[in-house]
Amino acid sequence: MFSWLDKPMELSTFLNMALGGVVVLAFILGVVTYTIYFERKIIGWMQWRIGPNRVGPLGLFQTIADVLKLLIKEDVIPAKADRNVFMIAPIIAFFPSFMVLAIIPFSATHIFTAASNVGVLYYIALSAMSILGVVLGGWASNNKYSLIGGMRSAAQMISYEVPLAMSMLGVVLLAGSLNLVEIVEQQKDFPYVWYIVPQALGFVIFIISAIAELNRTPFDLPEAESELVGGYFTEYTGFRFAFYMLAEYVYVFAMSALGTTLFLGGWEGPFLPGWLWFAIKVSAFIFFFFWVRATMPRIRTDQLLVFSWKVLIPLSLLNLVLTAVLKYLI
């Protein structure tokens, strides 16, 4: 029913694709809901607090209550804001975060996603579009804190997009493919180790760049509360604010899924079903992001940019050279 890749575009095929998209969206909304819950719980435990525990058993319905609260809040648009751009910016930020999931192979069958031959390029191109929603939202708000937050985000995303893409290029060189499904299958045949071993340097660069791309601590400068109130979404309320938050957490999942696919063998693993292995590896990535947020202090803007251009990018070039030598030897 869902194997539409080799079929012509007919009405039934289109309806199956639309149904697949709805299923993936519902799945992601559930994942995001309980990712937020576990983030608050994990950080609470690390800081000797209980975390959410009042709404539902063990506080499991707290995030749902928070979302409902956001949806019924008044949608305030500042009088001097650029109304049309202000309204559409959160949507521009959210849609690419959902579209990148189209090429993530959740399991060996990946019935809801496409095994695109340019999957890596697709992810890089789509994820870079989210910055437009952030910058436009900051500019259209007609607020100095929002504008500074948007400009910081643009500088940060551009600076760290380069080492992120170059760390992925090392994996592409080893696998000889841009197809994420083939990259997972190649790791099964590579001398019996996942690419995290021969690409250890690339993996470290990927993790650091991913944290910066996600605007998470210690790189959460675009929304630094103590400096910019809320950064680029200072003036947003209600469901438009929820769009920005949703985009952030969908990207946390998408980046974790991409890292799992590129460096940890995707769905590959002994004894357990492939989808369960994939879920375990993605959960480990997400836990690491929460752990860093709970333990690291925020760094300055100039330190952030210097670290990317003077440290990460040269290391990325070195990693590419080492990968080329390894590829020649094996």
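This is a predicted model: local features need pLDDT of at least 70, side-chain atom pairs count only at pLDDT 80 or more; totals for chains, interfaces and linings use all residues.
Local features were taken at pLDDT of at least 70 and side-chain atom pairs at pLDDT 80 or more, while totals for chains, interfaces and linings use all residues. Numbering runs from 1 along each chain as its sequence is written, and side-chain values use heavy atoms, with hydrogens and water left out.

Aromatic rings come up a lot here: a search of the whole structure turned up 16 aromatic pairs. One of them joins Tyr34 and Tyr37, whose ring centres are 6.2 Å apart with planes at 75°, so this pair is edge-to-face. For reference, rings of Phe, Tyr and Trp (its six-membered ring) pair if their centres lie within 6.5 Å, and planes under 30 degrees apart count as stacked, over 60 as edge-to-face and the rest as tilted. Both tyrosines belong to helix α1 (residues 11-46), where three residues, about one turn of the helix, separate Tyr34 from Tyr37. Helices are DSSP runs (H or I, at least four residues), numbered from the N terminus. Tyr34 is partly exposed at 28% relative accessibility, whereas Tyr37, at 4%, is buried; the cut-offs are under 20% relative accessible area for buried and over 50% for exposed, with partly exposed in between (1.4 Å probe, protein chains only). Elsewhere, Phe27, Phe106, Phe253 and Phe278 make up one aromatic cluster.

Thr35 also sits in helix α1. Its relative accessible area is 9%, so Thr35 is buried. A polar atom of the Thr35 side chain lies 2.6 Å from the backbone oxygen of Val31. Beyond residues up to four places away in sequence, Thr35 touches Tyr249, Ile286 and Phe290, contact here meaning heavy atoms within 4.5 Å.

As for the nonpolar cores, each is a set of buried Ala, Val, Leu, Ile, Met, Phe, Trp, Tyr and Cys residues joined through side-chain atoms within 4.5 Å. The largest holds 58 residues, and Ile104, Phe206, Leu258 and Leu262 touch the most other members. Helix α9 (residues 238-263) is the top contributor to this core, giving 13 residues. With neighbours within four places in sequence set aside, the contacts of Phe206 include Leu164, Met168, Met255, Leu258, Leu262 and Phe285. There is also a second, separate core of 13 residues, with Ala93, Val134, Ala154 and Phe233 among them.

Along the chain Gly266 and Trp194 are 72 residues apart, yet 9.2 Å separates their C-alpha atoms. Leaving out residues up to four places away in sequence, Gly266 touches Val184, Thr260, Thr261, Phe278 and Lys281. Lys281, in turn, has its charged end over the ring of Trp194, 3.9 Å from the ring centre; this label needs NZ of Lys or CZ of Arg within 6 Å of the ring centre and within 35 degrees of the ring normal.

Met9 lies in the segment before α1 and, with a relative accessible area of 58%, is exposed. Not counting residues up to four places away in sequence, Met9 touches Phe14 and Met17.

Terms used:
Helices (H or I, at least four residues) and strands (E, at least two) are DSSP runs, numbered from the N terminus. A polar contact is a pair of N or O atoms within 3.5 Å; within protein, one must be able to donate a hydrogen and the other to accept it, and residues adjacent in sequence count only if both atoms are side-chain atoms.
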